[in-house]
Structures are given as C-alpha cells and as structure tokens.
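Me: I'd like to learn how to read a fold like this one. Can you walk me through it?

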Amino acid sequence: MKSGSTKLGAVFIGLACTAALLAYYLVGYLMVRPPAVSASTGPPRAELTLQTVASLGFGPHADWVSYLVKDPQGHWRHSTVLNVPANSLVRVTVLQYDTATGLRNPYWGGPRGIVGEMTVDGKPTPTLDPDLASHTFAIPDLGVSVPLKGVADKAKNQCSVAPCTLAEAHTTVVFTIRTGKAGTYRWQCFVPCAAGFILGFGGPMQSVGYMDGYLHVVA
Ligand SMILES: [Cu+2]
C-alpha cells in the first residue's frame, strides 16, 4: 500500500514536471520577438526596404513565406519589427519574390492609405489586377493596404532561400505612407498569404517575424 502511494506520488511529480516544461516552452515560444530594425533616415522622410520571399530557407520554419527588412547598414534582417519616425513620409520599397496567388477580394487590388501613386517596376499603377497579387501590405490602424504584385509562375531564376538578390526574379513595388503620432501599430499581410493554411490564416500569417509585424512610430 505504501509503495503504491509512493509510485502514485512519483507519477504526480512526473506529470507536474512535464506540465511545467510544456508551459515553459509554450511561453518561450510566444514571447519570441525578432529584433527591431530602424528605417534608414530621420524625419521628415524615411526609407524602408523590405523583401517578401516564398520560403525563408532557414530556421525553424524554413518553408514559410516571410518578409525581411534591410537595416541602415544595408544588411537584410529576418524581422518584421520596424521603427519609423512620427509625422513623416516613409517611402516603402518592397522587393517581391513570391509568385501570385490572387486576391480573394478584387477590391484589395486598389492601394489605399498611401501618399501619391504606387509604382510597380517603375510604372505608376493606380490599381493592380487582383489576379496578379501575391500579398498585401496592410497597416489597418493607418488605413494602409497595398497589393504586392507577384512574379510569374514560370519566371526563370526564382529565389528559394532568403535573402534573395536583385539577380533573382522579383517585382519592385514602391509607395509612400504618412505616419502620425507615436505609437505601435500592427501590420500584416492579409489574404492571400499562407495559401496552405485554412482560409489563409495561421502559420506565417499570424507570426511576428514572418508575415505579421509591428510598426513602431517613434517621436
Ligand atoms: Cu501574404
């Protein structure tokens, strides 16, 4: 009887340890934040250069679609935490290496919340054919939503490991946003991102560092 209760106690301790370890790893996973990367110049104008890759090619989710950002020294960083100045114009250049999956809602083919016109490969583009879009760069709190043109499915020299280079197939999307007061704003790629996940959500779509990030607007 006594040895039975000792065994039971050991089982309880074992379960408690397992639960504690699980909680430790879960909290650790949820707390992970990529480093913040600053825009390259100060107010009233700043520049952000991003790239979107179909598969990152390294790390725990090597096959996930992801953004990268260029730091002021010109190095690509795997992060979606961006620092930009308040009350400024921020010119955003997205080098887009992923193929088009089309937009669920054609309305999203029209850029919103930007200053002036979007250019795609140097051409002013008032609205993008929704079938040609690969991602949308959206900052809901700032009313910003910009469709990002994908590369053709059959394009030669497609990039599979980030950071991708200018020699690999890409589109170049340039637009300007205006920041207001300081604060932290969530940004993300709305559908059609993460086509392999239910309704395009989950996985990289909801993961900071991949297709989801923070815009720190700094006074
Ligand atoms: Cu996307």
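Predicted model: local features only at pLDDT ≥ 70, side-chain atom pairs only at ≥ 80, totals over all residues.

Me: What share of the residues in the protein chain count as buried?

Reply: Of its 219 residues, 44% do. As for the surface, the protein chain exposes about 11500 Å², and carbon and sulfur atoms supply 62% of that.

Me: How many helices and strands are there in the protein chain?

Reply: You'll find 1 helix and 13 strands.

Me: How do I read a sheet, then, and in what order do the strands sit here?

Reply: The general idea is that strands of a sheet pair through backbone hydrogen bonds, either parallel or antiparallel. Here, 7 strands make an open sheet with mixed pairing, in the order S4-S3-S2-S6-S11-S7-S8.

Me: In which sense do S7 and S8 pair?

Reply: Strand S7 (residues 115-120) pairs with S8 in the antiparallel sense, over 2 bridges. If you want to find one in the viewer, look for Val120, whose bridge partner in S8 is Lys123.

Me: What about rings: how many aromatic pairs does the structure hold?

Reply: There are 5. To classify a pair, check the angle between planes: over 60 degrees counts as edge-to-face. Trp64 and Tyr210 have ring centres 5.0 Å apart and planes at 80°, so they're edge-to-face. This pair links distant parts of the chain, 146 residues apart: Trp64 is in the loop between strands S2 and S3, and Tyr210 in the loop between strands S12 and S13. Both Trp64 and Tyr210 are buried.

Me: And what kind of pair do Phe137 and Trp187 form?

Reply: A tilted one, at 4.9 Å centre to centre with 35° between the planes. Phe137 belongs to strand S9 (residues 133-139) and Trp187 to strand S12, and they are 50 residues apart. Phe137 is buried too, with a relative accessible area of 1%. Ring pairs also join these two with Tyr67 and Phe175 in a cluster.

Me: What share of the contacts comes from residues 24 or more positions apart?

Reply: Among contacts in the protein chain with a separation of 6 or more, such residues account for 71%.

Terms used: Residues numbered from 1 in each chain as written. Heavy atoms only, no water. Pairing = 2+ DSSP bridges. Helix = DSSP H or I, 4+ residues; strand = E, 2+ residues; numbered from the N terminus. Phe/Tyr/Trp six-rings, centres within 6.5 Å; stacked < 30°, edge-to-face > 60°. Buried < 20%, exposed > 50% of the residue type's maximum accessible area, 1.4 Å probe, protein only. Contact = heavy atoms within 4.5 Å. Areas by Shrake-Rupley, 256 points an atom, 1.4 Å probe, with all protein chains shown as cover.
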